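User: Can we go through the side-chain contacts in this one? Start wherever you like.

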Amino acid sequence: MRLDKYLADMGCGTRSELRRRIHKGEASVDGKTVKDPGFTLKGGEEVLFAGENVSYEEKVYYMLHKPAGVISASEDKKAETVLDLIREPKRRDLFPVGRLDKDTEGLLLITNDGDLAHRLLAPGKHVDKVYEAAIDGIVTEEDVRKFSEGLVVDEMLTALPAKLEILKTETAADGNSAMENENARSFVRITIHEGKFHQIKRMFHAVGKEVIYLKRISMGPLTLDEDLAPGEYRRLTDKEIQALR
């Protein structure tokens, strides 16, 4: 691999920027300064750039706790993206695996492993995606039944059967049943196998309720690290990577 491509892949700069800096003597290979951007690396060499060791990784994996207000995209000229949250030098071919709505928070996998992403997102794989949500209104056992049977949401979406669990329901404390229904809020957990546009929001809308908060807590075997605050991220462990594969 060319030296400039190696450094570009690892997020050290653009190819044009790197060529200029390599010519100035900012790169070394196995302790020797290299000024040729096209210098061929065979693998296993110690590469330094601007005095910092740069180790090459073919595949990288980040767990991100996506905050609300950030879009699930690789780049955008107007809005902050999930890749903007990865503050360390990073590969230029990273992308989010799937999408979370802008106002949804929770687990998002960032990687450059296209094969893994396909396996996690392919409809035929039926990978569980688990969310917790706050719902405006009282979620009933009838709603649980409808979710379990699958929902004709609208002319564009028929949702596959999903698991809906009622965690708790909060109502007004004044004893007025009408007021309780009006101000009720339900907390639920939903497990789906798809990831269609606004799917969970549209499913609840189909049963006459609105989602007021939504957070993804797991995807397949990967569970959001409780120590990660919104906007924080970490590398996946070897055990987590193997479980995903």
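Analyst: Arg19 counts as partly exposed at 34% relative accessibility (buried is under 20% relative accessible area, exposed over 50%, partly exposed in between, with a 1.4 Å probe and protein chains only). This is a predicted model, where local features need pLDDT of at least 70, side-chain atom pairs count only at pLDDT 80 or more, and totals for chains, interfaces and linings use all residues. Residues are numbered from 1 along each chain as its sequence is written, and side-chain values use heavy atoms, with hydrogens and water left out.

User: What does Arg19 form a salt bridge with?

Analyst: Asp4, with the closest N and O atoms 3.7 Å apart. A salt bridge here is a side-chain nitrogen of Lys or Arg within 4 Å of a carboxyl oxygen of Asp or Glu.

User: Is Asp4 buried or exposed?

Analyst: Asp4 is buried, at 0% relative accessible area.

User: Which residues share that network?

Analyst: Arg2, Asp4, Arg15 and Arg19 are joined by salt bridges that share partners.

User: How many salt bridges does the structure hold?

Analyst: 19. One of them pairs Arg145 with Glu149 at 2.8 Å between the closest N and O atoms. Glu149 is exposed at 53%, while Arg145 is partly exposed at 35%.

User: Switching topic: what lies over the face of Phe187?

Analyst: Lys168, at 5.1 Å from the ring centre. The criterion is NZ of Lys or CZ of Arg within 6 Å of the ring centre and within 35 degrees of the ring normal.
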